[in-house]
Amino acid sequence: MTQMQADDRLIVALDVPNALQGLATAQTLGEAVSFYKIGLGMLTGGGLALANELKREHGKRIFLDMKLFDISNTVEAAVRGLAQFDLDLLTVHGDPHVVRAAREGAAGSDMKILAVTILTSLDRGDLDAGLMKPGEVADLVVERAARALEAGADGVIASPQEAAAIRALPQAEDRLIVTPGVRPAGADKGDQKRIATPAAAIGAGADHIVVGRPVVQAADPRAAAQAILAELAGA
């Protein structure tokens with residue numbers, strides 16, 4: 001089935017408990033949305049089955065947000081298994097050994113490997129608690145992004161606040177930047193700490209923005225998605 005022609009810069013995160021609710025949300029959004037993120041929260045609720053159904057039967061693009069992290073052999077094996085599903089994007093943690101293993105696992109497929117830099121729900125206090133090295137969060141994000149790209153990542157996940165600095169890296173040429181932590185003006189921040197509006201994220205150099213609750217939990221999800229798409233069209 002051919003893919004929809006909706007603006008795929010918008011990725012809607014299906015942050016719902018199970019595949020049935022995810023499919024219902026996708027059906028509500030219809031042709032307005034062509035790209036979906038499915039994450040760990042739905043893994044035991046049929047997430048892989050939903051990813052396959054949306055991809056094969058509905059022509060949607062799929063971002064599988066697993067944030068894999070393990071020893072190299074395990075990461076390579078996991079990615080090789082996931083690559084058979086013909087999905088579009090997969091996240092792993094941005095440590096160079098993880099990225100290199102993921103690229104090996106994805107070899108021969110079209111699935112792109114995105115490296116997680118520092119989660120957008122974390123701030124300096126969180127990094128201190130996790131014994132991460134000193135420094136401004138933005139500087140550490142850019143440094144991790146550079147190392148992940150050098151290790152072969154097809155792109156990175158980063159907050160909109162760091163997108164411009166990452167886009168300026170020589171290593172970022174022709175690589176993807178995908179930004180979660182995107183909230184339309186007036187939307188609840190939720191648990192995100194480093195956020196921006198859709199237009200600001202794209203203006204900063206992001207290729208795709210990820211929006212979940214402001215769409216999925218809206219009284220009219222389709223209208224909420226269309227408002228974001230209208231903002232992107234003017235960005």
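Biologist: Which residues of α3 meet α4?
Modeller: Ser72, Val75, Glu76, Val79, Arg80 and Ala83 in α3 meet α4, where the partners are His97, Val98, Ala101, Ala102, Glu104, Gly105 and Ala106. Contact here means heavy atoms within 4.5 Å. The model is predicted, with local features requiring pLDDT of at least 70 and side-chain atom pairs pLDDT 80 or more, while totals for chains, interfaces and linings use all residues. Residues are numbered from 1 along each chain as its sequence is written, and side-chain values use heavy atoms, without hydrogens and water.

Biologist: At what angle do the axes of α3 and α4 cross?
Modeller: Helix α3 (residues 72-83) and helix α4 (residues 96-106) cross at roughly 35°, and their axes come within 7 Å. Axes are lines fitted to C-alpha atoms over the stretch in contact, with angles from 0 to 180 degrees between N-to-C directions.

Biologist: Changing topic, which residues of α6 meet α7?
Modeller: Ala138, Val141, Val142 and Ala145 in α6 meet Glu162, Ala165 and Ile166 in α7. By class, that contact has six nonpolar, no polar and one charged residues.

Biologist: What does its side chain contact?
Modeller: The side chain of Lys55 makes a polar contact with that of Asp88 at 2.8 Å; such a contact is a pair of N or O atoms within 3.5 Å, one able to donate a hydrogen and the other to accept it.

Notes
Helices (H or I, at least four residues) and strands (E, at least two) are DSSP runs, numbered from the N terminus. Ala, Val, Leu, Ile, Met, Phe, Trp, Tyr, Cys and Pro count as nonpolar, Asp, Glu, Lys and Arg as charged, and the others, Gly among them, as polar.
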